[in-house]
Amino acid sequence: MNNKLIYSIIFFLVIIVLYGLGEGSLFITGSYFKFSMVMLVATTLYYYIDRAKTGGDIYLRPIAGLKAIEEAVGRATEMGKPVLFVPGISDMDQVETVSGLILLGHVAETTAKYEAGLNVPVSKSIVMEAGRETCRESYLKVGRPDLYYDDMVHYLTDDQFAYAAGVNGIMVREKPAACFYLGKFYAESLILAETGNSIGAIQIAGTGSPAQIPFFVTACDYTLIGEEFFTASAYLSKKPELLGSIKGQDIVKGFVMAAMVIIVVLNGFFQLGWMEFDILTVFGN
Amino acid sequence: MTAELIGAWVVVFLTLSIFSYLFDDNPFYKAAEHLFIGVSAGYWAVISFWQQIQPNLFGRLWPDLESLAGEKTLLQSIWYGIYEVLNFVTTGFGLLDRSVFPEGGIEGYDEIRFIYIIPFILGIFMLLRLVPKVGWLARWAIAYIVGMTAGLRFYSFLNSDILSQIKASAVNFSSDWGTMINGLIVFIGTLTGLIYFFFSKEHKGSFGTLSKIGIYFLMIKFGASFGFAVMGRISLLIGRINALKDYSAAEYNYATPIILGIIIITLIIWSLKGNRNQSELTG
């Protein structure tokens with residue numbers, strides 16, 4: 001066991017002991033378990049981020065959809081057609097939208113590098129501003145600020161289906177060679193993906209909305225399912241702090257799996273009368 | 001009846017214009033699409049202002065003076081002086097009637113919440129994007145939203161997606177066999193599904209097999225969701241068809257068949273004209 005791991009464990013224990021001592025006076029009562037879980041997740045993530053920063057090797061399995069992003073932009077360049085990027089219909093208070101805009105940065109870098117056209121219709125004003133900032137920075141980063149113009153990220157409407165109708169109109173008129181749907185989507189997802197499919201565009205989708213993933217899986221060439229979408233930015237950036245956070249999240253998943261097995265076993269014992277304590281009471285109401 | 005009749009004809013025209021997309025991108029679809037986008041964008045702008053900004057932001061900063069407790073202080077007088085200045089500007093320097101800032105403050109709250117100056121300033125920062133020299137201030141507002149979201153969602157996701165999921169994994173062994181087996185299947189599906197989302201480990205050997213089982217579970221779920229959503233969409237289609245059928249009646253002056261006929265004839269002419277232009281260009 002290395003020193004940093006020992007320090008992390010000590011830090012975690014000290015914090016939860018302090019919370020326990022101050023519960024009712026300094027801290028609110030009844031949230032001890034949840035606070036411990038927050039601290040466990042935070043400490044685990046911090047430990048692995050720190051490890052990655054100090055040169056620890058982190059393996060990441062390949063994700064097909066991410067490799068395809070560059071291919072899709074390359075295809076659009078060869079065909080002389082633009083790339084369409086749809087960041088979903090939610091505002092910046094949704095994690096999916098933030099993730100989508102991070103990926104927009106990568107797509108914009110690629111379009112700037114290949115000199116391909118980029119069209120980003122949005123449905124929220126703040127997303128438009130954030131999208132413009134992202135694209136401007138990406139074009140600057142690859143040394144092509146001359147190719148950037150504000151209207152590549154443009155507002156359509158806040159209304160869900162009016163937005164879908166507008167994006168469909170752009171698709172059938174401009175016939176983009178590559179369509180990206182990366183963000184938070186609702187019922188408009190199938191309408192968009194079907195139209196993209198009908199114009200023969202290569203389509204890459206990614207969302208954390210479980211109800212919309214089936215439509216993208218059906219109509220798109222590649223789909224980043226749930227967490228694949230959230231980790232995509234780390235994959236693409238290759239920044240140690242982001243790679244470390246993926247490793248940390250995997251460890252948290254390991255904790256969750258172990259906790260589930262323990263819950264099933266101990267709760268089973270309680271139901272069979274072999275144990276007096278019901279483990280589920282730990283979680284509160 | 002006249003308003004209802006006009007409404008029915010507009011509904012039928014717009015519905016059939018949107019359906020005309022099944023033929024091709026055509027002038028009817030374009031008209032309906034642009035109308036839809038334009039009307040909805042304007043509608044959302046008005047709704048956002050009158051249901052969010054005016055009552056929730058201005059209403060908290062300048063509540064109705066009569067609802068405030070105690071004597072009016074000097075600070076309040078200055079504060080409501082700013083309110084009057086804003087009113088003067090928004091009424092076109094006194095040319096228009098008061099609307100955004102009514103006389104004596106906005107009803108709804110009984111105390112001045114000065115903390116709302118922060119979102120007010122952040123909102124102004126967003127608008128400063130229109131002034132190139134200070135447009136960078138908009139980044140502060142965006143940074144606040146993103147940072148606040150990350151912190152706020154961390155706890156709620158931990159609560160709903162992790163702790164609740166762990167709690168829900170408990171299998172009810174005291175119930176009938178069907179429920180028990182169902183619980184075990186959900187438990188195995190959740191575990192193997194989680195294994196699929198391990199990114200820092202190669203999916204090989206027994207780990208790879210479990211990951212494959214996980215993706216099968218996910219695909220079964222996606223298939224069920226897809227079927228369920230398609231059923232919902234079919235019921236929406238039935239709703240529209242029923243509406244079109246209702247508007248075919250004599251009391252609506254046969255709106256559906258007449259508009260349908262006009263759209264079909266126009267599309268045939270438009271299509272033939274398009275083909276002729278195409279052959280002239282190529283030939």
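What covers the buried residues of α5(A)? The cover includes β1 (83-88), α4 (95-114), β2 (118-122) and β3 (153-155) of chain A. Chain B takes part too, with its α4 (117-127) and α5 (138-168). This is a predicted model. The points below describe chain A, from its overall build to its sheet.

**Overall build**
- Chain A has 285 residues, and 45% of them count as buried.
- Its secondary structure comes to 10 helices and six strands.
- Along the principal axes, the C-alpha atoms of chain A fill a box of roughly 70 × 45 × 35 Å.
- Among the contacts in chain A with a separation of 6 or more, 70% come from residues 24 or more positions apart.

- Five residues of domain 1 of chain A are in contact with five residues of domain 2 of chain A.
- On the domain 1 side of chain A that touches domain 2, the residues divide into four nonpolar, one polar and no charged.

**Helix α5 of chain A**
- Helix α5(A) covers residues 125-141, which makes 17 residues.
- From its first C-alpha to its last, α5(A) reaches 24 Å, close to the 24 Å expected at 1.5 Å a residue.
- The buried residues of α5(A) include A:Val127, A:Met128, A:Ala130 and A:Cys135.
- A:Glu129 and A:Arg132 are also among the buried residues of this helix.
- Both chain A and chain B contribute elements to the cover over these buried residues.
- After α5(A) comes A:Gly143, with a positive phi near 75°.

**The sheet of chain A**
- Strands of a sheet pair through backbone hydrogen bonds, either parallel or antiparallel.
- In chain A, six strands form an open sheet in the order β3-β2-β1-β4-β5-β6, and the pairing is parallel.
- The edge strands are β3 and β6 (222-225) of chain A, and each pairs on one side only.
- From one strand to the next, the twist averages 15°.

**Around strand β6 of chain A**
- Strand β5 (residues 202-207) of chain A is joined to β6(A) by four bridges, and the two run parallel.
- A:Gly206 has A:Leu224 as its bridge partner in β6(A).
- Helix α9 (residues 227-237) of chain A lies across β4 (178-184), β5 and β6 of chain A.
- The angle between α9(A) and β6(A) is about 95°.

Technical notes
Residues numbered from 1 in each chain as written. Chains lettered and ligands numbered in written order. Predicted model: local features only at pLDDT ≥ 70, side-chain atom pairs only at ≥ 80, totals over all residues. Buried ≥ 20, exposed ≤ 12 C-beta atoms within 10 Å, placed from the backbone. Contact = placed C-beta atoms within 7 Å. Expected span 1.5 Å × (residues − 1). Nonpolar A, V, L, I, M, F, W, Y, C, P; charged D, E, K, R; others polar. Pairing = 2+ DSSP bridges. Axes fitted to C-alpha atoms, helices over the stretch in contact; angles between N-to-C directions.
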